[in-house]
Amino acid sequence: MKSLRLRLILLVGVAILLATAVQFVTTFRASMTRADTLFDYHMRQMALLLQDSTFDQPGWVTSMREQGSYYEFVVQVWTAEGARLYQTPSLRALPPRAPEGYSVVRLGSNDWRTYVAVHKGRVIQVAQRLEGRRDRAVQIAFESVWPLVPVALLLLVAVWWVITSAMAPLNRIGRDLAERNAGSLAPVSDKGVPREVSKLVAELNSLLARLDGAIAAHQRFVADAAHELRSPLTALKLQVQTLQRARDDTTRAQAMQRLVDGVERARRLVEQLLVLARQDPHARPADAAPVSLSQAVTQAVADVAVFAKSRNINLECRHFDDTTVHGSADDLYTLARNLIDNAVRYTPAGGDVLIDLQRLPMAVELRIQDSGPGIPPENRERVFDRFYRVPGSDAEGSGLGLAIARTIAERHGAGIALGSASLGGLMVSVVFPLPPAPAA
Amino acid sequence: MKVLLAEDDRMIGENIQIALEGEGITVDWVRDGAAVEPALSATAYDALLLDLGLPHKDGIDVLRSLRGAGMLLPVLVLTARETVPERVLGLKAGADDYLVKPFDLEELIARLHALVRRARGGDPVYRNGSVSVNLDTRQVFVDESQVVLSSREWAVLDALLARPGAILSRAQLEEKLYGWSGEVESNAIEVYIHGLRKKLGQHFVVNVRGLGYMVEKTG
């Protein structure tokens, strides 16, 4: 795994070193040129100072000799005819006479820089060995560039510190997350976090919050389910015990039938719980293939027909268009089955259930009406809650049918609404929006 | 003994009713929280079996308002709410005992008897001459040998023993014996009294002409 911090430090460090090197070289070269110019200027000044001298003062040469070193200047004076009037006595080999002005002459293995001035019939030559001059220039140049080195080092340390402290919030968040247990979904603190990172932290916190919500919903569901399973279990236990206590065949047969009913009720509840768990809106998106809604509804009607007949309830379809919607055939069947089953279950024996499937201009409407007691308007929102049963209703519903229907409808982008039926009971309307028809 | 059962689940209520009636306990059954108090004020019950998750009026609210109205009858709460705070809440609201679903029929019956006996107070054993009746174990002895009573006979005896020395009219006994659903045969009480006298002795049940029946207050 690459460390962003190390990479930043490395890259910025290399950039600093390169910049320092470039600056070092250019400054060095500028210093060399400046030193060169300065030496030339000194040589010329010296020649100009000497041009009025008579060279009859003994001793001035001595003072030159005292400072003598390998980069010392050498002065030679000739008459216009070439007779030597004076020369610095320091060296055995002296450069020959050079042309007037600046030039470089070679003497043995050494190069000399010379300046020659001609004045009042006298030729004055000031010379300096190039080697010494260069050494001196290098020394001056180094003196002007050496502060670059500690400055670069200081800069490196500063960069290291700045990057490390800028990365500290990321490290803190990492540690914060690492120290958590699975159940801890509290938001990560964005205290002291820079703007760029706080965006990340905000997204992370939003994800944590959504996860927290999903887990809480799941836990609520499990708790509700466990609670709801208690009633059928209690009924089963009592039914078994009543069966055990039955003293004659008639009561035993009755108790047995009640036990069978109890088992059927428990089975239905467990089945509905499973359907609801599978229909969890977070579980998976609806398959978006075009499926026949009319087929799903027909199947649901067929499967409820036997139950309806046993309760002497008349199932009827007055308007039934062949319709197709986008979604999952299984889910649409479950939706229709739950709604029709509910209608049959809550309608008193001998009643009517009307199922209509109609194509509208931009939608498809599945409408189920019954002649049952209906649901008072104040309860119409609550009946969609899981495990909610209308108070006083007699049927052994799981309290999940409408919750399942709504979840499926929402996943298909359909709206589900309750109203009053023309038959006197409840009307459930599910409206599937249709995508605009492609131009023929 | 006559109890009121408040339970909204059809299967659970049905089975409790069948089982208790098999024990000679008369059960009136309501499925709605709002129906409990009118039923209690219309009829004298020995106990109330109260589910907490009732429609229209929660069991806890029912309990609070009937205790608030000064009704003292024993209340046995039946509920799926099992956590300690919920139990404490139920007991604080005035419950005498608590059974968590799913419960055992035997336990329900035993606790119901214990509650009713505690409410009546005193000795669970009633003695009169050679007859001794244990109200807890529901055993009846005459001269140390056990006598078997039918559940109806026991119900009449139980009603009389609830208040020894007090006269119960035929109508009162009928009310104790039959729930709302039960059909009262015209001379049923006389038949059960006759049975009791045959098994426990002619003078065990005293008949006060025109007023009703009683058992002698002893001890």
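Modeller: This is a predicted model. In chain A, strand S3 (residues 101–107) runs antiparallel to strand S4 (residues 110–119), and 7 bridges join them.

Biologist: What makes S3(A) and S4(A) a pair?

Modeller: Pairing requires at least two bridges found by DSSP between the strands. S3(A) and S4(A) have 7, so they count as paired. One residue of S4(A), A:Val116, stands opposite A:Gly101. The two strands form a hairpin with 2 residues between them, and A:Gly108 in the turn has a positive phi of about 65°.

Biologist: How do you know that S4(A) pairs with S5(A)?

Modeller: The same cut-off of at least two bridges applies. S4(A) and strand S5 (residues 122–129) of chain A share 8 bridges in the antiparallel sense, and therefore they pair. A:Thr114 has A:Ala127 in S5(A) as its bridge partner. These strands also form a hairpin with 2 residues between them; here A:Lys120 in the turn has a positive phi of about 50°.

Biologist: How many residues of chain B are in contact with chain A?

Modeller: 17 residues of chain B contact 18 residues of chain A. Helix H1 (residues 10–22) of chain B gives the most to chain B's side, with 9 residues. That side divides into 9 nonpolar, 3 polar and 5 charged residues.

Technical notes. Residues numbered from 1 in each chain as written. Chains lettered and ligands numbered in written order. Predicted model: local features only at pLDDT ≥ 70, side-chain atom pairs only at ≥ 80, totals over all residues. Contact = placed C-beta atoms within 7 Å. Helix = DSSP H or I, 4+ residues; strand = E, 2+ residues; numbered from the N terminus. Nonpolar A, V, L, I, M, F, W, Y, C, P; charged D, E, K, R; others polar.
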